[in-house]
Amino acid sequence: MAKAPPFFIGILALCCWIAVAANAEYKTYQDPKKPINKRVKDLLSRMTLEEKVGQMTQIDKLVTSAEVLKKYYIGSVLSGGGSVPSPTASPETWVDMVNGYQKGSLSTRLKIPMLYGIDAVHGHNGVYKATIFPHNVGLGATRDPELVKRIGAATALEVRATGIPYVFAPCIAVCRDPRWGRCYESYSEDPKVVRSMTEIISGLQGEIPSNSRKGVPFLAGQEKVLATAKHFVGDGGTTKGMNENNTLASRHGLLSIHLPAYYDSIIKGVGTIMVSYSSWNGVKMHANRDLITGFLKNTLRFRGFVISDWQGIDRITTPEHANYTYSIITGINAGIDMIMVPYNYTEFIDGLTSLVKNKVIPMSRIDDAVTRILRVKFTIGLFEHPLADYSMIKHLGSKEHREIAREAVRKSLVLLKNGESADKPVLPLPKKASKILVVGSHANNIGNQCGGWTIQWQGQTGNVTIGTTILTAIKNTVHPETKVVFNENPDSKFLKSNKFSYAVVVVGEPPYAETFGDSLNLTLPESGYSTIKNVCASVKCVVVLITGRPVVIGTYLAQIDALVAAWLPGTEGQGVADVLFGDYRFSGKLPHTWFKSVDQLPMNVGDPHYDPLFPFGFGLTTKGAKAD
């Protein structure tokens, strides 16, 4: 074979060197030492339209694969309610799943990592064995922002234990009508209470330094998670509490009641804000450019990204998805940066790409959206730490977190009645008694105790995860010689043939979420009322209500010796027994007005027609025990 001339060998070597050098080209966006704004600008300048549109797309786990992420440059993946690897998946399984998806993103040209998100609205509630904290309504009853901050920090650790860096929490709605099926996701009817509870963001994301630029997203480190303030804005003020409906309010009313907590959230460095399904004075929030771009981005100077709710832009039209092209145009131009598609992602990607190419949606709007998304990803260290490991799994359902949840349960309990007079209290109950009765549909049922958004989107009755039921808690607490008898719904013959010292009746609402929880009558299931009537007619009774909101109870109040609002306490039922039996005092205060009749609704503290059964802020205390 003839030898190649030295000249050609030199040229070949030079070409190889140039190729290697080009491949190893320094990229500003990959340098963690560079300021975030320079990294964002550099990366944005390298991106094609297809890569930008991909970053604006969030899809559900059910349609996700590494190949899909690589092909479409998908910016974010979520687990919707119940969208899990398996019902009892271990944290290792979760980590492996998220990492598997992430490797698809890291194999793309620019190696932009995807952002995995999940609803963690009362702890890491979709994951088996996680600590389930009281729902927000109960936390509002504690009036304890420092406790809520600790809950945020604990939740962050448990979410990170499964390899996830992003949560769709907190809900900072101001529920003005308990007929709303999401009222338990609201801390209170009072915007001041809701504002104080935004301290959970400092727990989830970490405490923002005092000298930080206001409106810019913040994350303290890899033991924290990106938070979402939701649902912007007015979701808790809809007519008759109908979910996703219309909030009729003046601009002053909207800004003074429903908006203040967003200001606090932005000051605390919240990274994302989710738009509400609801409308304001007939205009869908997902279409409201004035409030999303004009007020949130321009007036409040929010610098994180705005995300839609689940199929949120589809619901701009009635019926939903009737004109998807219009929905894309309207939602993106309103200022929404990331669209929770979550299934038909090719329709969204093709539609948005075409609209930009045809100059219906300006490239400047796309660049604003992608700039915000990249800013958040750089801020939370996603480029430097795209893959999780097993080092955090010890935090899932840890003893320390369950103790925080137990404390939260204790502080959330509101004592509404305690005997017929103050000098003859029924509570605290004596631990030593010959025989006590525990009854009711919610006494020995973790699923009922936790409510909606637990393992499944709607929640589920039954022992769906690991925790302590109220029945077990009572057995753990009473004197060893006290006999505890459980009968879910005893008949009168059973009640009369036994001599019980007292009865604890635990009844409430079945689990529900969102629209499925909307209720115009706010009654318990009939079996709950019949249990109260039968038992309280025969035995001295303490009724513990497990509900996400005030319910109809006034008719039965005279028969009840002591009444406790326990809200939706979560997995740590021991906190209920701690207070019932006097190890700790009752200290909770009503976060919502307790109505006499649903005909009074909406009725909130300060209203001219205010005439409640129990007023906002009401809550009796007990003596002799230690305070939390």
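Predicted model: local features only at pLDDT ≥ 70, side-chain atom pairs only at ≥ 80, totals over all residues.
Local features need pLDDT of at least 70, and side-chain atom pairs count only at pLDDT 80 or more, while totals for chains, interfaces and linings use all residues. Residues are numbered from 1 along each chain as its sequence is written, and side-chain values use heavy atoms, leaving out hydrogens and water.

**View 1. An open sheet of three strands, in the order S6-S8-S9.** Its pairing is mixed, and the edge strands, S6 (246–247) and S9 (283–284), each pair on one side only. Strand S8 (residues 279–280) pairs with S9 in the antiparallel sense over two bridges; serine 279 has lysine 284 of S9 as its bridge partner. (Strands are DSSP runs of E, at least two residues, and helices are runs of H or I, at least four, numbered from the N terminus; two strands pair if DSSP finds at least two bridges between them.)

**View 2. The largest pocket, with about 360 Å³ of space.** Of its 24 lining residues, Tyr277, Trp310, Trp453, Trp457 and Glu514 lie nearest the centre. On a 1 Å grid over the protein atoms alone, a pocket is an open set of points with protein on both sides within 12 Å along at least five of seven lines, a cavity is a set where a 1.4 Å probe fits but cannot get out, and lining residues have an atom within 4 Å of a point.

**View 3. The largest cavity, at about 130 Å³.** Nearest its centre, among 16 lining residues, are Ala120, Val121, His122, Asn136 and Ile200. Helices H6 (136–142), H7 (145–160) and H9 (199–205) each give two or more residues to this lining.

Definitions and conventions: Points joined across faces, edges and corners; volume = space filled by probe spheres on them.
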